[in-house]
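Here are my notes on the model, as numbered points. Please keep the structure open while you read.

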Amino acid sequence: MLQIETAISSDYAFVSGPVFYYLGTAFSTLSAWAQKHSGTHENVDYVKYNKKSLFYLRRSIDLLETQKPMDPLLLMSAYTNYANALDSCCRVIEALRIYRKCIRLNPKFGMALGNYGRALQFYANTVNDAGHYSELHCYAYQAVKRALNLQDPNIHNSARKYFEQILINLLII
């Protein structure tokens, strides 16, 4: 990846939305790996990889939004992965905004819907108001349930299992 980064900085022929998307996704995977193996979000590698993930995914979105012809699936994937990266560094409000942007583009994109519900569930648990807590959990449940009911082939198997577990947890609350 370092060779790709070097090539991008010296040769603008590589500058394209898909290249930045795949770099951002790769760094997101590395940050998750670093966090899993260190057990903390304070790991130096986790922080470094997450920053790079955010940078490349944001750059890919900028390019994909203006690309002609637009690739809607790649743009929705970039929005979702960018929002996931924001959420992973506790920027949940901004992540919710990006998930909603993606859902407006395609209300049947299951990965965005499910992750939106997951982020709402997390946010609900931080709210110190019983009314808002219940309402946010209700919206979270509805979003995750809709995502699973869509039978969207773009929902990864591991994500589907995670979303199913979220539904079970939300029913317990």
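1. Start with the H2–H4 contact. Pro18, Tyr21, Tyr22 and Thr25 in H2 meet Leu74, Ser77, Ala78 and Asn81 in H4. Contact here means heavy atoms within 4.5 Å. By class, this contact of H2 with H4 has five nonpolar, three polar and no charged residues.

2. Two packed helices are described by the angle between their axes and the distance between the axes. Helix H2 spans residues 17–38 and helix H4 residues 72–88; their axes come within 11 Å and cross at roughly 35°. Axes are lines fitted to C-alpha atoms, for helices over the stretch in contact, and angles run from 0 to 180 degrees between N-to-C directions. The crossing of H2 and H4 is left-handed, meaning that the near helix is turned anticlockwise from the far one by less than a right angle.

3. A word on what you are reading. This is a predicted model, in which local features need pLDDT of at least 70 and side-chain atom pairs count only at pLDDT 80 or more, while totals for chains, interfaces and linings use all residues. Residues are numbered from 1 along each chain as its sequence is written, and side-chain values use heavy atoms, with hydrogens and water left out.

4. What is the secondary structure of the chain? It comes to eight helices and zero strands. Helices (H or I, at least four residues) and strands (E, at least two) are DSSP runs, numbered from the N terminus.

5. Overall dimensions. Along the principal axes, the C-alpha atoms fill a box of roughly 55 × 40 × 30 Å. Of the contacts with a separation of 6 or more, 57% are between residues 24 or more positions apart.

6. Surface and burial. The chain exposes about 9800 Å², and carbon and sulfur atoms supply 57% of it. Accessible areas come from the Shrake-Rupley method with a 1.4 Å probe; for residues, only the protein chains shown count as cover. Buried residues make up 41% of the 173 residues. Buried means under 20% relative accessible area, exposed over 50%, and partly exposed in between (1.4 Å probe, protein chains only).

7. Ser53 lies in helix H3 (residues 44–66) and is buried, because its relative accessible area is 0%. Not counting residues up to four places away in sequence, Ser53 touches Gly24, Phe27, Ser28 and Ala85. Ala83 sits in H4 and counts as buried at 0% relative accessibility. Beyond four places in sequence, Ala83 touches Ala95, Ile98 and Tyr99. Gln121 belongs to helix H6 (residues 110–126). Is Gln121 buried or exposed? Gln121 is buried, because its relative accessible area is 13%. Its contacts, again leaving out residues up to four places away, are His137, Ala140, Ile166, Asn169 and Leu170.

8. Check the backbone in the loops. Most residues other than glycine have a negative phi, and most peptide bonds are trans. The Lys68 to Pro69 peptide bond is cis, with omega near -10°, and Pro69 is in the loop between H3 and H4. Cys90 has a positive phi of about 65°. Cys90 lies in the loop between H4 and helix H5 (92–105) and counts as exposed at 62% relative accessibility.

9. Last, the loop between helix H7 (130–149) and helix H8 (157–172), where Leu150 has its place. Leu150 is partly exposed, because its relative accessible area is 30%. Leu150 touches Pro107, Lys108, Phe109, Gly110 and Leu113, not counting residues up to four places away in sequence. Gln151 lies in the loop between H7 and H8. Phi of Gln151 is positive, near 55°, and Gln151 counts as exposed at 57% relative accessibility.

Note on methods: Ala, Val, Leu, Ile, Met, Phe, Trp, Tyr, Cys and Pro count as nonpolar, Asp, Glu, Lys and Arg as charged, and the others, Gly among them, as polar.
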